[in-house]
Amino acid sequence: TWADVQLINEIYENKSLSFLKLMGETLPYISFDSKYKIIYMVVTYDQIKRANSSYEEASMLIDYIRGTENSDIAFLFIEGYDNVRIKARSKQTNVSEILNFFDGGGHPTAASAIIYDDDIYKIIELVLYQTKEKIDKIKNERVTINGEEMEYTK
């Protein structure tokens with residue numbers, strides 16, 4: 001019906017100019033680790049300011065990177081005045097367990113955390129290290145029986 005089309009347009013087509021400018025500031029700097037299938041984006045305080053944008057608009061960027069082909073986990077790191085906000089989405093890996101390590105949480109496929117530190121690049125390194133450790137642990141718990149890969153349960 002017409003109302004459904006209107007709702008879809010509001011959700012997907014109504015973007016503010018500041019959001020578009022923020023996309024332009026951040027999209028060129030997306031990083032992808034093909035081994036671990038992790039895609040991530042960094043949004044700095046200065047980028048938000050230059051785009052005349054906001055944390056709320058910056059947080060919507062996760063929806064633009066999470067569906068990237070050949071990725072499992074998407075992270076969005078948003079720099080605040082004295083903190084780093086992390087948003088995570090995944091197709092398979094439990095991101096809530098990963099962000100629990102940083103006192104965050106959520107759902108297995110959608111989680112977030114706030115870390116009170118002003119060094120966003122140190123935080124990114126820590127989160128990526130923790131994520132890769134978890135993925136490696138999961139891979140090591142898999143066993144092959146009669147040519148079929150299965151989860152190892154203790």
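Colleague: Is Phe102 buried or exposed?
Modeller: Phe102 is buried, with a relative accessible area of 13%; buried means under 20%, exposed over 50% and partly exposed in between, using a 1.4 Å probe and protein chains only. This is a predicted model, in which local features need pLDDT of at least 70 and side-chain atom pairs pLDDT 80 or more, while totals for chains, interfaces and linings use all residues. Residues are numbered from 1 along each chain as its sequence is written, and side-chain values use heavy atoms, without hydrogens and water.

Colleague: And Phe101, buried or exposed?
Modeller: Phe101 is exposed, at a relative accessible area of 54%.

Colleague: How many aromatic pairs does the count give?
Modeller: The count comes to four aromatic pairs, where rings of Phe, Tyr and Trp (its six-membered ring) pair if their centres lie within 6.5 Å, and planes under 30 degrees apart are stacked, over 60 edge-to-face and the rest tilted. One of them is Tyr40 with Phe77: the centres are 6.0 Å apart and the planes stand at 85 degrees, so this pair is edge-to-face.

Colleague: Where in the chain do Tyr40 and Phe77 sit?
Modeller: Tyr40 belongs to strand β2 and Phe77 to strand β3, 37 residues apart, so the pair links distant parts of the chain. Strands (E, at least two residues) are DSSP runs numbered from the N terminus. Both Tyr40 and Phe77 are buried.

Colleague: What about the rings of Phe101 and Phe102?
Modeller: Their centres are 5.1 Å apart and their planes are at 80 degrees, so they are edge-to-face as well.

Colleague: Which residues are linked into a cluster by ring pairs?
Modeller: Tyr40, Phe75 and Phe77 form that cluster.

Colleague: Changing topic: what is the strand order in the sheet of six strands?
Modeller: The sheet is open, and the order is β1-β2-β3-β4-β6-β5, with mixed pairing; two strands pair if DSSP finds at least two bridges between them. At the edges are β1 (31-33) and β5 (105-107), each of which pairs on one side only.

Colleague: How many bridges join β2 to β3?
Modeller: Six bridges connect β2 (residues 38-43) with β3 (residues 73-79), and these two strands run parallel. Met41 stands opposite Leu76 of β3, and Val43 faces Ile78 of that strand.

Colleague: And how do β1 and β2 pair?
Modeller: They are antiparallel, over three bridges, and Ile39 in β2 is the bridge partner of Phe32. Four residues lie between the strands of this hairpin, where Lys37 takes a positive phi near 60 degrees.

Colleague: Why is β2 largely enclosed?
Modeller: Six of its six residues are buried, so the rest of the structure largely encloses β2. Ile38, Tyr40 and Val42 are buried on one side, and Ile39, Met41 and Val43 on the other.
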